[in-house]
Every structure is written in structure tokens, then in C-alpha cells.
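Try each task before you read its solution.

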Amino acid sequence: KQIPRLLGPGLNKAGKFPGIITSDDDIAAKITALKSTVRFQLKKVMCLATAIGTVDNSEEEVCNNLKLAITYFISLLKKGWQNVNSLTIKSTMGPPQRLF
């Protein structure tokens, strides 16, 4: 009873609070859903980075993920595209490519 009360606020802020799994839930489906979730944290920072794909993804899947991530991120901003200075895509070891 004491652990959620003590650790709850810190774990909740970090997004690490454990979720509830009932006996009816499919664990494999729950794991894939959590792995495919992308979170944006908008704080007072000048740049934001997020993962949009892996090596296993096809070019079309990466393009779709990129379009979804950009449109969702722009929808979170108060002034929309007026707040965006530039958009850059970068692979892990590759050079950055400026999109906007």
C-alpha cells in the first residue's frame, strides 16, 4: 500500500508507472502496443527528437510514420507551423537531412 503512494508521483511524471493487466488481456498485444507508442514531451526546449522507424521498416512505413509524427507534433503547438523553424531527419550514424 505504501509503494504506490511514495513512488507514484515520481513514476507517473516519468511515464514509468506500471499498467494494469487483467487475466482477459492479451499480453503480446499489450507489449506491441506499448512498443509502438511514441511520446512527445513539450517543455521549454528549442529542439525535439523522436524515433520514427527502425531498420526493419520499409521506406513506405518510415514515410508514413514521419508524416504522422510531424502532423501530430504540429497539432500540439499553439501557433502550428509558425513555431517551427526547421525540420531535420537523421539516421543513427548518417548525416542529417533538412526537410523544412
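**Exercise 1.** Which residues make up the largest nonpolar core?

*Solution.* Start with the ground rules. This is a predicted model, where local features need pLDDT of at least 70, side-chain atom pairs count only at pLDDT 80 or more, and totals for chains, interfaces and linings use all residues. Residues are numbered from 1 along each chain as its sequence is written, and side-chain values use heavy atoms, with hydrogens and water left out.

Next, the terms. A nonpolar core is a set of buried Ala, Val, Leu, Ile, Met, Phe, Trp, Tyr and Cys residues joined through side-chain atoms within 4.5 Å. Buried means under 20% relative accessible area, exposed over 50%, and partly exposed in between (1.4 Å probe, protein chains only).

Now the list: Ile-52, Leu-66, Ala-69, Ile-70, Phe-73, Ile-74, Leu-77, Val-84 and Leu-87, 9 residues in all. In soluble globular proteins, nonpolar side chains tend to be buried together. Across the chain, buried residues make up 13% of the 100 residues.

**Exercise 2.** Find what Ile-70 is in contact with, skipping its neighbours within four places in sequence.

*Solution.* Contact means heavy atoms within 4.5 Å. With those neighbours set aside, you get Trp-81, Leu-87 and Leu-99.

**Exercise 3.** Are Lys-35 and Cys-47 buried or exposed?

*Solution.* Take Lys-35, which sits in helix H2 (residues 27–35). Lys-35 counts as exposed because its relative accessibility is 70%. Its C-alpha atom is 28 Å from that of Lys-78, 43 residues away along the chain.

Move on to Cys-47, in the loop between H2 and helix H3 (59–76). Cys-47 has a relative accessible area of 65%, so it's exposed too. From Cys-47 to Pro-9, 38 residues apart along the chain, the C-alpha separation is 26 Å.

Notes. Helices (H or I, at least four residues) and strands (E, at least two) are DSSP runs, numbered from the N terminus.
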